[in-house]
Every structure is written in structure tokens, then in C-alpha cells.
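Please open the model and keep it beside this note.

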Amino acid sequence: MDRQSVVKSTAIPFPLNFDNEKYDDMYKAYNKIMVLARDLNAFIETPEFVFIGKDGNGKSALIESFIGFPMMIGEGSSSRPLHITLMNSARCEEPIVTFKRDRSLDSYEVDIQIELSMVSSEISKRNQKTSIPIEITIEYRYYLNMLLIEPPSVSIQPTNAITIQGQSMTSPANQLANKIAKLSIGNEMGEMITQYTKSNNRILVFVETSTNGGTNSSEMLELAKKLDYKLDRSIFVFNKFHSLLTGDQPFTNGRDANRFLGSPSIGAPTFFTTLPSTAQRSQCNSKDQLSQLCDQLQQTDLNILEQLQFDKKYERNVGLSAFRHWISEFTWRKYLDSVPEVLKRLNSFRTTSEDQLYQIRQQLDRTNAVTLRQIANSYVSIEFIQCIEKLVTRTLEGNPSLNGQTLEEEKSQDETGDWYDHNGKPILLLNDEKLVTFYDNKLYGGQQFERLLTEFKCITEVIQLDELSISEVACAIGSNRPSNASVIAWAASDLAQKKIKEALLPVVDQLFKRATYILRRLVDIVDRMIENKKKSSFRRHGNSTSLFQDNSSPSSQSQSQSSSISQSTSLSSENMIYGIQSINGSDSVSRPSHENTIVNVEDHPYFIYSVKEMYFKYVDQIAADCKNKCMDEFYTTRLIYWDLQSNKDLKKFCTDSPCVSLNNSLNNNNNNSNKSTTPGNNNNNNNNNNNNNNNNNNNNNNNNNNNNNNNSNNNNHILSPKETHTMVTELASKLFQDIRNRMSKNIMLKCYNYFLIPMQMDLKLNIQDNITKLSDAMLEEIFEIQTTKERLREDEQHLAQICNQFIQQEENYKKYSQSFSHPFPSAVRN
């Protein structure tokens with residue numbers, strides 16, 4: 001295999017050197033390309049080179065000669081990795097060396113700039129054994145950006161020589177065994193080398209001293225195969241080539257030289273260099289002196305090879321300029337591949353800004369009362385009301401885990417709180433809150449409303465009649481003496497109605513307060529639902545939707561206007577040159593949105609506030625209407641519950657008491673209730689009826705006699721206050737429970753019919769009717785149309801400027817890319 005096929009010649013017909021001032025136009029074009037790529041936030045990968053070799057093989061001399069300035073960076077052995085960043089800077093006529101802050105050492109917490117002559121001493125000060133690298137940045141106008149990494153020298157110590165019995169020491173088997181035995185670099189160094197070489201974008205430069213054994217005995221080759229087994233990112237530099245040419249066993253003819261230079265054992269770019277020694281470099285005071293010294297050493301080696309009549313095709317593998325030429329071409333081609341990507345990104349930004357400018361102009365043309373009314377109706381009916389109705393019925397779009405509330409969380413709000421009776425004491429459930437369905441689940445909307453009604457039912461079942469005082473009973477009976485069931489019934493009915501109203505009114509007030517809170521909080525959930533919908537649309541179409549939708553655009557249908565345009569007037573002058581901030585980092589044009597128009601809350605807060613106020617007023621209105629209907633249960637005329645007269649307990653109590661008049665009243669009422677006439681009596685039954693009447697008359701006479709006797713004995717006895725209190729209390733308590741159960745059931749039904757159902761049926765008509773009644777002037781005021789137009793005109797002016805700048809930048813970039821892609825010396829160009 002000929003290395004000629006491995007080290008291909010460059011298409012550029014001249015040696016491209018970093019410090020070659022003849023190609024000033026190329027470096028200027030490169031600087032412009034990099035500045036524009038940075039402003040466009042376009043990623044361009046920086047080439048990185050890792051120099052690996054043993055101590056004394058000339059790694060530092062190779063790096064210093066490659067950089068082109070005498071710095072004596074290889075003086076002494078380094079215990080720390082060294083990172084040298086070469087950076088193109090058009091303002092730097094002379095190189096500026098900056099040591100980055102080193103937090104691993106004290107007193108090195110800031111960046112410092114030093115002279116080239118002080119680089120070696122500064123490295124020596126920081127040369128402590130650690131894996132944290134020393135970072136150096138060199139800015140110069142004739143550099144291409146790259147990173148040079150020099151890990152600590154590899155220490156490969158040969159182990160005991162391995163000899164295979166029956167084979168000579170020079171046999172291939174023994175040579176291979178000794179190669180493997182020599183590859184022992186230690187665990188710590190091995191980990192560091194592996195860490196620096198595992199990245200696939202780094203080029204590995206293996207530096208080794210030239211020997212008579214040629215590439216066949218290369219220790220670095222075996223190490224390279226371990227780190228880069230394909231050798232597709234490896235370069236080999238055999239230093240001290242002059243010592244080999246003039247040593248003890250020099251080449252005697254051109255055949256030997258060609259055999260050495262064209263050794264097929266390495267399938268990677270290979271170079272043979274002679275670099276200045278430490279003493280020679282210390283005598284160089286400028287870039288020109290170092291460059292001349294390197295050229296002289298290279299020319300000396302070529303003269304010796306010329307005398308041996310070597311093959312000219314190996315000339316580009318000899319000398320520092322050949323190595324520098326390969327690195328320069330590799331770096332140049334690396335950046336050349338990025339030129340189309342930057343241009344593509346620039347075109348994308350220009351197209352996006354033009355589409356946004358078109359959208360803004362369309363918005364200005366369509367910003368009128370008719371369009372605003374359409375947008376308002378669309379938002380109210382399709383977005384806002386639809387989300388409310390979903391939350392009232394059932395939906396998971398509201399994200400229950402985030403927006404739902406447990407019963408405890410609901411009560412912890414300032415607008416709600418616990419249940420309290422008319423005395424201000426908390427009402428506690430007898431068997432804890434577990435009686436309430438879904439008490440520990442996060443709910444919202446209609447489900448939370450139903451849970452509230454369930455809790456209300458449980459709370460009312462806990463409420464009992466307060467103890468009645470004798471005074472209350474006496475006042476309820478009034479001037480009437482408790483001589484019959486009617487008086488007792490009237491008293492119990494009045495007391496039960498009074499106490500039920502006193503007990504339930506505070507609970508009903510709290511019920512509607514919490515119900516209003518549950519429905520009012522739906523507005524916040526709707527805002528989050530709409531925001532999530534906008535984010536979902538942004539992920540699908542690459543940009544956020546705007547207030548106005550358009551179905552036609554110069555480059556795409558329905559291009560969305562970025563919300564960040566309104567903030568573009570605050571850009572810095574440097575960023576405004578390219579208009580990057582106004583594009584919000586987007587490098588593609590969004591596709592048409594099939595979602596309904598979504599009003600941007602940030603752009604039109606007053607309109608959203610007005611819609612919410614309409615909703616709140618409607619909720620308060622239906623809450624008041626429903627509460628009034630529930631209060632009808634309390635606002636009744638004076639009632640008596642006649643079923644008490646047939647109450648067995650009342651009869652039994654009255655029978656056991658000595659009150660004859662009360663018993664007579666009950667008997668008379670029973671007799672009166674049994675009296676009824678049946679028309680069309682049969683003649684056949686007249687005799688029986690007459691007989692019965694005679695018997696009844698006889699019985700009545702006996703009863704009258706008995707009653708007269710009883711009256712004569714007890715005509716002066718009445719119920720005592722204690723007996724009256726006991727009877728009224730028992731009857732009022734039973735009546736209280738019946739009224740409580742009936743009223744709580746009726747209140748729950750009315751809450752369903754007059755509170756929850758209108759939220760599903762009439763809300764849309766109510767709010768949309770309010771929107772329809774708005775005049776054009778009021779609608780423009782709600783949308784703040786004047787402010788919106790002023791903002792849009794400012795955005796239009798700013799985007800027009802950005803579009804012009806992008807067009808100019810695109811033209812300049814094409815010119816820069818042409819200069820960079822086809823570099824020529826300034827003298828040739830002129």
C-alpha cells in the first residue's frame with residue numbers, strides 16, 4: 001500500500017498556512033462567517049487535535065512550531081494536560097495570549113493576559129499534578145479556530161523481554177511479543193488518554209522519534225490501534241528525522257530511503273519532521289525567526305534526500321510545512337462543509353421574518369370591528385364556554401392531578417372554610433368525612449359540585465333540634481290552655497319551623513358560598529387548558545398561534561406571528577443587525593394550524609378580563625336565583641301539621657294524663673272523623689239500623705252517666721308546665737327531623753335544577769348575548785384596538801428593517817463564502 005493513496009494532495013495549489021498574511025481576504029471572510037454563525041446560533045464544530053507521545057519525542061516543539069510563535073511551552077515536563085485554543089480575531093494584529101482562570105489553584109481565579117515570552121513561566125507556576133487542564137487562548141487574525149490538546153507524556157515502560165524458545169531474538173514472533181509487552185502505560189495515564197481520545201470528532205496526533213526500525217517498530221502504532229483501531233482519525237509524526245539521516249546507520253541510497261518513507265505498515269497520514277531544539281527555539285525572538293529556522297531544517301533534510309535521489313512523491317511527507325499543510329487543509333475543509341448549513345439557516349430566518357411581516361400587514365388590514373366581533377364570538381363559544389361546559393359535565397383535559405381539589409384542600413381555601421351552625425360552632429360529621437363520596441379524590445367542576453351536595457346532606461343529618469326552654473314552649477302555646485291536641489300541634493309546628501330556619505339558614509348560606517367558589521375557580525382551569533392547547537399547537541406546527549389567522553402567505557399557508565415580536569424593540573444594536581431575537585430562535589416556517597383561533601391572553605388582557613367578568617356575573621346571578629328558590633322552603637305562612645292529631649304517642653300521652661278534656665277532645669275528633677253519610681240507604685237495613693240506634697242510645701246513656709261521674713271527679717285538673725314542655729318537645733323534635741329531611745332534599749334538587757343545569761344549558765347564550773350587544777366602539781375599547789395597531793405598526797417597521805438586513809446579510813455571506821471557498825493571495829487577486 002502506497003502512502004500516496006492515504007495522504008491525498010490538496011486541491012488548493014499552494015501551501016495554506018495560518019499565519020500567511022497573503023491570504024488576508026480569506027481570513028476576513030472566515031471571521032465574517034463565524035460572526036454570522038454565532039449570531040444565528042448555528043453550531044459549527046471546532047476541530048480538535050490531541051498530541052500523544054512519550055517524554056522527549058518533541059510534542060511541545062511540534063505544537064509550538066505549528067502555532068508559529070516562540071513560547072518555549074515544552075520546557076520541562078508537564079504534569080497537567082494543556083489546552084491551547086487558537087481563535088480567529090480580526091482585531092488582533094498581534095497574538096494575544098490569555099490564561100483562563102484556574103479554580104484548582106489559589107490566586108488564579110481570574111483570566112490574565114500575558115506576553116508570549118511569559119507563557120513558559122506561567123505554565124511552570126501552574127504545573128501541579130492534577131487532571132484539570134491548563135487552558136490557554138491565543139487570539140490572532142491569521143488563525144482558524146481549533147483546539148490543541150497535549151496530555152501529559154505517555155510513559156511506556158518495557159517489561160521483561162519475552163523470548164519464545166526455538167525462535168531467534170529477531171524473529172517476527174519475538175518482536176510481536178516484545179511490542180505487546182511494552183504497552184504498559186499504567187492505569188491512571190491510561191484512563192486520561194482514553195478520556196481525551198474517546199470523542200470521535202478529535203484527531204489523534206501520535207508523535208514518536210524516528211528510528212532505524214522504521215514504522216514496524218513504532219510503539220505509538222500499537223497504542224493507536226488500541227485507541228483508534230481503524231486509524232481513520234490518526235496522524236503519525238516521526239520527529240528527529242535529521243538524526244536518522246545523519247546517524248550511525250544512514251540511508252546509503254534512494255532505494256533505502258524510499259523503502260523507509262513508503263513503509264506500508266501504517267494506513268494513516270505519516271510525516272517525518274526535524275524540529276528546532278530547545279536551545280534553538282530559545283534564541284528565536286519572533287515569528288519570522290522561528291519560521292526561518294523550521295524551513296532551514298526542513299530544507300536540509302530534503303537536500304540529503306535529494307542526494308540519495310529519493311522518489312519525489314514522498315516530498316509532501318517530509319518537514320513541518322507538510323504537516324502544517326495537512327492540518328490546515330483538514331481544518332479548512334471542515335469549516336467549508338459548514339458554509340451551506342449557515343446559509344440555509346440564514347435563508348430560513350429571512351423567510352420566517354418575511355412571513356411574519358406579511359402576517360403583521362394582514363393583521364393591520366383586518367383589524368376592524370367586524371373581525372374583532374368574529375374573534376370574540378369564536379373565542380367565547382368555541383374556547384371559553386366549551387371548556388367550561390366540559391368541566392361542568394366531565395373531562396380529563398383539566399388535569400385533575402394538577403387542578404383538582406380534595407375535600408380538605410377545598411375547605412382550606414379562604415373563600416370556603418368549614419361548616420358552622422347558627423351559634424358559630426363548627427359542625428362535625430359523626431363518622432368522619434369518609435361518608436362523603438370521593439372526599440380524598442382531586443375533583444373540579446360538576447364532580448366537585450356533586451360532592452359538595454353530598455357533604456351538605458351529611459351535614460344536615462347531623463343537625464338536631466336545640467333544647468327547648470319552658471319559656472319558648474309557653475310562648476308557642478300562647479294564651480290557649482293545652483286542653484286539646486290542636487293547641488299542642490300548633491305549638492310543636494311553630495317551634496319546629498322556627499328552629500329549622502334558625503339551624504339551616506347558615507348552612508344554606510355556606511352551601512351557596514362554596515358552590516359559587518367551585519364554579520368561579522373554573523376560569524383558572526380554563527386558562528391552563530387554553531395554554532396547554534397553545535403549547536400543543538406550538539409543538540405540532542413549530543410556532544404559537546396568534547389572535548388573527550390567515551389562510552394565505554407568500555411562503556406558507558397561515559404563518560403564525562411570534563409573540564416575541566412585540567418585545568423586539570428592546571433589542572440591543574448588535575443583535576438587531578441580524579434580527580435574531582425577534583425570530584425567537586425559530587429556524588423554520590410553521591405549518592398551517594387546524595386548531596381554532598386562540599386569543600393570546602398576554603396581548604389582550606382586558607378582553608379576557610371582560611369575558612371572565614361576564615362569567616362571574618352569570619354565576620352570581622344564577623346563585624342568587626337558586627338561593628331565592630331555596631329560601632321559599634323557609635318563607636311560609638303559619639302551618640299546622642294535622643297528622644299530629646293521629647299521632648299514637650300523642651294519644652297515649654294524653655290518655656295516661658289526668659286531663660279528661662283532652663281525652664274528650666280526642667274522642668270527639670275521632671267520632672267526628674267517623675261521621676259520614678252514605679246516600680241511597682237500602683230499606684232492608686232500616687230495621688237493623690233502628691235496633692242499632694236503640695242500642696247506641698242505651699250505651700250513650702251509660703257513657704253519659706260515666707262521663708258525668710268522671711267530670712264530677714276531675715273537672716278542675718289541667719296539664720302542668722313540665723308535662724306540656726315534655727309533650728311539645730317530643731313532638732317538635734320529631735317534626736324537626738321530618739322538616740329537615742324534606743328541606744335538605746328539596747334544596748339539593750333545586751341546586752341541580754336551578755344552578756348546575758343552567759351552567760350547562762344557558763351559559764353560552766347568556767355570555768354570547770352580552771358579546772353581541774356590545775357596540776363597535778365598546779368592542780374596540782375592550783380589545784384596546786388603538787394600542788394594538790400602534791404595536792403592530794412598530795412591529796411592521798422593525799420587521800421590515802430586519803428583512804432588509806437579512807437580505808443584505810445573505811448577499812454578504814455569499815461573497816464571504818466565495819472568498820473562503822476559493823482563497824487566493826491578495827497580490828494574485830489584484
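This is a predicted model: local features need pLDDT of at least 70, side-chain atom pairs count only at pLDDT 80 or more; totals for chains, interfaces and linings use all residues.

1. Now the whole chain. The protein chain has 830 residues, and 48% of them are buried. Its elements are 30 helices and 9 strands.

2. Look at who touches whom.

3. Next, the surface. The accessible surface of the protein chain is about 42100 Å². Carbon and sulfur atoms hold 46% of that surface.

4. Find helix α10, residues 287-307. This helix has 21 residues. From first C-alpha to last, α10 reaches 31 Å, close to the 30 Å expected at 1.5 Å a residue.

5. Which residues of α10 are buried? They are K287, L290, L293, C294, L297, Q298, D301, L302, I304 and L305. They lie on the same side of α10, because they cover an arc of only 165° around the axis. An α-helix has 3.6 residues a turn, so residues three or four places apart point the same way.

6. Turn to the opposite face. Q296 and Q307 are exposed there, on the face turned away from the buried side of α10.

7. What covers the buried residues of α10? The cover includes the helices α2 (59-67), α7 (241-245), α8 (254-261), α9 (278-282) and α11 (320-336). Strand β5 (134-140) is also part of it.

8. Finally, check what comes after the helix. Q309 follows α10, and its phi is positive, near 60°.

Key:
Residues are numbered from 1 along each chain as its sequence is written. Side-chain values use heavy atoms; hydrogens and water are left out. Helices (H or I, at least four residues) and strands (E, at least two) are DSSP runs, numbered from the N terminus. Buried means under 20% relative accessible area, exposed over 50%, partly exposed in between (1.4 Å probe, protein chains only). Accessible areas come from the Shrake-Rupley method with a 1.4 Å probe; for residues, only the protein chains shown count as cover. The expected span of a helix is 1.5 Å times one less than its number of residues. The arc is that of the directions from the helix axis to the C-beta atoms. Contact means heavy atoms within 4.5 Å.
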